[in-house]
Amino acid sequence: MERSGLCGRSAGVTTLPPLFADWFASRGWSPRRHQLEMVAAAEAGSHALLVAPTGGGKTLAGFLPSLIDLAERGPRPEIGPGSGVHTLYLSPLKALTTDVERNLMTPIREIGLNIHVETRTGDTKQSKRQRQRDFPPDIMLTTPEQLALFCAWEGARAYFADLKCVVLDEVHAIWSGKRGDLLALGLARLQSFSPTMRRVGLSATIEDPDLIRGWLGPALPSPTRGEGVILVRGDPGAPAVIDVLISEGKVPWAGHTGQHAIPEVYAAIQRSRLALIFVNTRWQSEFVFQQLWAVNDDNLPIGLHHGSLAAEQRRKIEAAMARGDLRAVVCTSTLDLGIDWGDVDLVIQMAAPKGSSRLVQRIGRANHRLDEPSRALLVPASRFEMLECQAAREAVADNAFDWEPLHIGTLDTLAQHVMGLACSEAFDMQALYDEIRTCGPYRALTWEQFEEVVDFVATGGYALRTYDRFARIVRTQNGQWKVRNQHIAQRHRMNVGAIVSAGNLNVRVASRRGGASRQLIGGRKVGEAEEWYFEQLTPGDTFLFAGQVWAFQGINGTDALVTHANDKDPKVPSWGGSQFPLSTSLADRVRTMVQDRDHWRVLPPDVQEWLELQETRSVIPDAETLLVETFPRGNRHFMVAYPFEGRLAHTTLCMLLTRRLDRLGVGPLGFVVTDYSFAVWSIKPMDRIDLDALFQPDMLGDDLEAWLEESFMMKRSFRNCALISGLIERRLPGAEKTGRQVTFSTDLIYDVLRRHQPDHLLLKTARADAASGLLDVARLGQMLARIEGRIRPISLTRPSPFSVPVLVQIGRERVGGDAAEMILDESADALIAEVMDDVP
């Protein structure tokens, strides 16, 4: 069902109660069509998905039916029916809950409504959490991880018995993946507590609404895509104004940070009221923040915001933005969803955005109002990134968002949910199976799979059932299942959630303990960074973190102890696994642009010349052909190809290609990848290899399985599955395991299961996760099928223009200060001179 006109509350015309109509009028507003339609959907008791542009009042539209219902409720009873949570709001970001609370309180306060609103995240103090248990707010603003914890509460059924509505904000960012699986399971549990509960999804960037509707709504006996969830579309807003910054009229051949354009970025900040400078990784945020401060001659107040900073530091930056005290904030995805900072008038994207949906979200932070155009500045770090930025601009103009694949629910996530329900109350298997099957990701779950999950939670599986520690639930006399004891329940509640990061250490400012020992102890928390990073440091080493230079002093338990330092050439923290993949839809647009000479006219002159030189020296591939160049350089022989499928898929492909090349006797020595291309180098020439045979899709069979068995990725994937499923717990009462301790434990179990139960649930899940997540096998398979029989081999005597960006990555290591870019520049200069030799 799609709602495109106005639907009446009772007489066919949607109107607001006088109290709310007067409030809109007092602000000089009229309710928007989609806001009225959301009220109508609530009157009909329907689930709804609202897709509306940023700044169009989506959040208010999601809450408006709840505010109206609560305003008409009358005095709230202190206990008993009607005293529980009325509306539960779920956001993928902690910062968004705080922002929504501030905005939601405006109509509540100005209308004079007696409605109690509170936030609850992992940062909420224990005293406030306990008060919320005893005296539930009318509206609770929280995160999916807290919902998983709610499901594991004793008394959860009574606590949520009065729940009328769940609002899922930025639903596009959370529905797919394990976090979405756990959220879908939590929604099904809430629906069992309160059968008339409505589900409401909000988003500005959905390519396929029916896919989200199928996930959002409870399953019907004969479900069709999206059935049972009304689709409400908002009117389009003013088109965004997106410019591309061409520093001094030139785009670098290679690069990844945009450092070359820092002076122009600073000038753009000077001309704006408040600019958000988005980057794609936490490492880049620290780097760009440092570079901006190096040129900040006017001493402008510039902040830093990313997920590894301490919660207190993030809140300070958010509060300073709300007060208008800052001129710019360098940030990651922690600020790119839904947050309404009214004074932001410019969004700057450093380096390519990697997806049109992400770019739309980030652009929407500027002029967060529907009728005013958002203004954005893209800063490509290289010529391939210039192509990507242009493709992203055109995708935004076409209102084309990134495609999302259909997701099947994972069994390790289901195991965590089953364990949580057993902590809350005893469950009957058949009733729980029926409930789980109402979840979109689990509609195809078989009874045999469900039995396997319950057995895993009860015993750990066949190979582990003799170990008492893995028996977490037990069967009661009436055949139901419940948690074995309260100690196990407590440990489970400490470890809920589907977000697994590498082992982190708390970064704390060190001080000396009194007494003769003068031992260093940890004080104020600055943030968190990966454990492996600090294991590479020796006491006295300096690094940049939270915008300051610190000296590493040592590790104490789960704390990295640091002191202030004044080193001007610090190292920079390097976080793994945080790079965004190039989206499939944007990659398609880039390939199409490359083959279309008429399209080149929109590109800067030097990029056009680069494309023309590539056509002269090698060839311009068409969108459905894979160009493979071979050439000698020094004492090595190179193969460079341009699939434009992203780093993950390229890395997996190179791993498999080098196995095949080794069997062919060419002696592969190594490879490097970018989002656009990859290079393999070897001892012997590769220009006479049968490329059609080399790139056969059957490499995803035995070669992939053999490599997986040998690679560390299976163990890494298994570690994540073991943590999510609860087989291994990181947090314990009064203690927390280090990343090294977790890895040691999971590696031992992995080896046991491989020997004694190779079909164990977690091994199967880990293999599937490695293929879909760490390796991007599905995308690689689609690419191999697309290019089969369509490979264009070109034998050259020297590198081509297209090959420069990937070749300069060879031998590069991340080092401190400006050295990384200096290495890149020197390598690029030498290669460019080689490529440009004899060009008039």
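Tutor: Contact means heavy atoms within 4.5 Å. This is a predicted model, where local features need pLDDT of at least 70, side-chain atom pairs count only at pLDDT 80 or more, and totals for chains, interfaces and linings use all residues. Residues are numbered from 1 along each chain as its sequence is written, and side-chain values use heavy atoms, without hydrogens and water.

Student: Which residues is Leu88 in contact with, leaving aside neighbours within four places in sequence?

Tutor: Among them are Met140, Phe150, Phe160, Val166 and Leu190. Leu88 and Phe695 touch the most other members of the largest nonpolar core, which has 115 residues.

Student: What makes a set of residues a nonpolar core?

Tutor: Its members are buried Ala, Val, Leu, Ile, Met, Phe, Trp, Tyr and Cys residues, joined through side-chain atoms within 4.5 Å. A second, separate core has 53 residues, including Val396 and Leu831.

Student: Why is the pair Trp283 and Phe287 called stacked?

Tutor: Rings of Phe, Tyr and Trp (its six-membered ring) pair if their centres lie within 6.5 Å; planes under 30 degrees apart count as stacked, over 60 as edge-to-face and the rest as tilted. Here the centres are 5.3 Å apart and the planes at 15°, so the pair is stacked. Both residues sit in helix α11, 4 residues apart, about one helical turn. Helices here are DSSP runs (H or I, at least four residues), as are strands (E, at least two), numbered from the N terminus.

Student: How do you know whether Trp283 is buried or exposed?

Tutor: Buried means under 20% relative accessible area, exposed over 50%, partly exposed in between (1.4 Å probe, protein chains only). Trp283 has 6%, so Trp283 is buried. Phe287 has 4% and is buried too.

Student: What makes Tyr433 and Trp447 an edge-to-face pair?

Tutor: Their centres are 5.1 Å apart and their planes at 90°, so edge-to-face is the class. Tyr433 lies in helix α16 and Trp447 in helix α17, so the pair ties together parts 14 residues apart in sequence. Tyr433, at 11%, counts as buried. Trp447, at 25%, counts as partly exposed.

Student: Why are β11 and β12 said to pair?

Tutor: Two strands pair if DSSP finds at least two bridges between them. β11 and β12 have 4 bridges, in the parallel sense. Leu304 stands opposite Val330 in β12.

Student: What is the pLDDT over residues 812–824?

Tutor: pLDDT is the predictor's confidence in each residue, from 0 to 100. Over residues 812–824 pLDDT stays under 50. Where pLDDT is low, the predicted coordinates should not be read in detail.
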